[in-house]
Amino acid sequence: MTDHLDVDIDEPSRRGPLLWTVVILGALAVAAVIASRVATDYLWFRSVNFQTVFTTRLGAQIGLMVGFGLVMFAVVFFNMFVAYRLRPKVRRANLDSEFLVQLRDALDRRSTLLMAVPALVLGVLGVCPLRASPTRSSHGCTAPSSVSRIRTSGSTPPTTCSHSRG
């Protein structure tokens, strides 16, 4: 009779197509939402003849997101790398199970990947702009959201300000 604990850790696991389908559909939904917001913003800026403002703003946002995402990734990865190198060495004699020894060997071989994945996730999450409310400037002005934008006859975009201009 075969022992059920004799599992080769290096053997790739097979996952069904449901997980990949959900991940792909989720990514497509997020991409559709982002594309609709960008397209709506572009059309609004174009309607008031401020396309260059939109493209400059979009380029700056993308550049800052990529730059700070890379910085966040590098900081998290470097900290995990240092922590991994400075970890206390476990003697193999203390491990009671051969399965635990195999697991530790498999994790040691994939240590770079195991450090890069959380660093990448934190790098992406650290720069994602999640806005629940309209954008506010430092003096209390509220820029119109892409849902409630109305075409104006003036040349400047409408804003709602709570401060008095002196």
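**Figure 1. Buried residues and the four helices of the chain.** Buried residues make up 12% of the 166 residues in this protein chain. The model is a predicted one. The chain holds four helices and zero strands. Read from the N terminus, its elements run α-α-α-α. Contacts can also be sorted by separation along the sequence. Take the contacts with a separation of 6 or more: residues 24 or more positions apart account for 60% of them.

**Figure 2. Helix H1 packs against helix H2.** Helix H1 covers residues 17-47. The axes of H1 and H2 lie 7 Å apart, at an angle of about 145°. Which residues of H1 meet H2? They are Val-38, Asp-41, Tyr-42, Phe-45 and Arg-46. On the H2 side, the partners are Gln-51, Val-53, Phe-54, Arg-57 and Leu-58. Sorted by type, the residues of this contact are six nonpolar, one polar and three charged.

Figure 3. Across the whole structure, a search finds four aromatic pairs. One of them is formed by Phe-45 and Phe-54. A pair of rings is described by two values, the distance of the centres and the angle of the planes. For Phe-45 and Phe-54, the centres are 5.7 Å apart and the planes 40° apart, a tilted pair. Are Phe-45 and Phe-54 buried or exposed? Both residues are buried.

Figure 4. Phe-73 and Phe-77 form a stacked aromatic pair. Their ring centres are 5.8 Å apart, with 15° between the planes. Both residues lie in H2, four residues apart, which is about one turn of the helix. An α-helix has 3.6 residues a turn, so residues three or four places apart point the same way. How accessible are the two? Phe-73 has a relative accessible area of 27% and is partly exposed. Phe-77 is also partly exposed, at 22%. Buried would require under 20%, so neither residue counts as buried.

**Figure 5. Helix H4 has a buried side.** H4 spans residues 111-127, 17 residues in total. From its first C-alpha to its last it reaches 25 Å, close to the expected 24 Å. Which residues of H4 are buried? They are Ser-111, Met-115, Ala-119, Gly-123 and Val-127. These residues cover an arc of only 85° around the axis, so they sit on the same side of H4. This buried set packs against helix H2 (51-85) and helix H3 (98-109). The face turned away from the buried side carries exposed residues: Leu-113, Leu-120 and Leu-125.

Figure 6. Met-72 is found in H2. Its relative accessibility is 33%, so Met-72 counts as partly exposed. Which residues does Met-72 contact, leaving aside neighbours within four places in sequence? The partners are Leu-122, Gly-123 and Gly-126. Gly-123 is also one of the buried residues of H4. Now compare Met-72 with Val-121. These two are 49 residues apart in sequence. In space, their C-alpha atoms are 9.9 Å apart.

Technical notes. Residues are numbered from 1 along each chain as its sequence is written. This is a predicted model: local features need pLDDT of at least 70, side-chain atom pairs count only at pLDDT 80 or more; totals for chains, interfaces and linings use all residues. Side-chain values use heavy atoms; hydrogens and water are left out. Helices (H or I, at least four residues) and strands (E, at least two) are DSSP runs, numbered from the N terminus. The expected span of a helix is 1.5 Å times one less than its number of residues. Buried means under 20% relative accessible area, exposed over 50%, partly exposed in between (1.4 Å probe, protein chains only). The arc is that of the directions from the helix axis to the C-beta atoms. Contact means heavy atoms within 4.5 Å. Rings of Phe, Tyr and Trp (its six-membered ring) pair if their centres lie within 6.5 Å; planes under 30 degrees apart count as stacked, over 60 as edge-to-face and the rest as tilted. Axes are lines fitted to C-alpha atoms, for helices over the stretch in contact, and angles run from 0 to 180 degrees between N-to-C directions. Ala, Val, Leu, Ile, Met, Phe, Trp, Tyr, Cys and Pro count as nonpolar, Asp, Glu, Lys and Arg as charged, and the others, Gly among them, as polar.
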